[in-house]
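Me: Can you walk me through this one? I'd like to start with the charged pairs and then move to the strands.

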Amino acid sequence: MNTHFTWSPNGEANDEQRLDLAEMLSQLENYDDFILCGDFNAPRGKEIFAQLASRYTDNLPPEVTTTIDGQFHYAGQLEIVVDGFFTTPRYQVESLQVRAGLSDHQGLLAQVSKTE
């Protein structure tokens with residue numbers, strides 16, 4: 001599954017994001033196993049991203065400090081991770097790479113397997 005989640009100013013959670021997150025989590029309860037990726041417009045370590053990471057596995061390596069590509073992003077280089085690659089337990093990420101030069105956000109390239 002992919003999302004371009006609700007934007008909020010300065011990367012701070014707001015009521016619109018909270019409502020949309022509640023709706024998204026409600027919809028996700030209809031699925032046993034999935035990969036959820038995309039632009040979450042919510043920085044890793046802050047409220048919205050943290051709620052997702054508390055339910056699903058955050059597969060971005062901790063050494064990744066940005067998913068913004070300053071070459072293309074209107075604000076230039078930002079040290080912020082707002083893109084995510086979350087999985088439920090039956091999916092195992094073998095490798096995940098962050099690729100610049102594609103868009104205003106860096107691309108996420110993963111090799112994934114599913115356990116039986």
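Predicted model: local features only at pLDDT ≥ 70, side-chain atom pairs only at ≥ 80, totals over all residues.

Me: How many salt bridges does the structure hold?
Reply: The structure holds 5.

Me: Which residue does Glu12 form a salt bridge with?
Reply: Lys46, with 2.4 Å between the closest N and O atoms. The pair links distant parts of the chain, 34 residues apart. Glu12 is in the loop between strand 1 (2-4) and helix 1 (15-28), and Lys46 is in the loop between strand 2 (35-39) and helix 2 (47-55).

Me: Where do those two fall in terms of relative accessibility?
Reply: Glu12 is at 40%, so it counts as partly exposed. Lys46 has a relative accessible area of 34% and is partly exposed.

Me: OK, next pair. What does Asp15 form a salt bridge with?
Reply: Arg18, the closest N and O atoms being 3.0 Å apart. Both residues lie in helix 1, 3 residues apart, which is about one turn of the helix.

Me: And which residues are linked with Asp15 in a network of salt bridges?
Reply: Arg18 and Glu47. The side chains of Glu47 and Arg18 meet in a salt bridge at 2.7 Å, N to O. Glu47 lies in helix 2 and Arg18 in helix 1, so this pair ties together parts that are 29 residues apart in sequence.

Me: Asp15, is that exposed or buried?
Reply: Exposed, because its relative accessibility is 55% and the cut-off for exposed is over 50%. Arg18 counts as partly exposed at 33% relative accessibility. Glu47 is also at 33% and counts as partly exposed.

Me: Switching to strands. How many residues of strand 4 are buried?
Reply: 5 of its 5 residues, 83-87, are buried, so strand 4 is mostly covered, given that buried means under 20% relative accessible area.

Me: Which residues point which way from strand 4?
Reply: Asp83, Phe85 and Thr87 point one way. Gly84 and Phe86 point the other way, and all are buried. In a regular strand the side chains alternate between the two faces of the sheet.

Me: How many bridges join strand 2 to strand 4?
Reply: 5, and the two strands run antiparallel. Gly38 has Gly84 as its bridge partner in strand 4.

Me: What about strand 3, in what sense does it pair with strand 4?
Reply: Antiparallel, over 2 bridges. Strand 3 is residues 57-58, and Thr57 stands opposite Thr87 in strand 4.

How values were computed: Residues numbered from 1 in each chain as written. Heavy atoms only, no water. Salt bridge = Lys/Arg side-chain N within 4 Å of Asp/Glu carboxyl O. Helix = DSSP H or I, 4+ residues; strand = E, 2+ residues; numbered from the N terminus. Buried < 20%, exposed > 50% of the residue type's maximum accessible area, 1.4 Å probe, protein only. Pairing = 2+ DSSP bridges.
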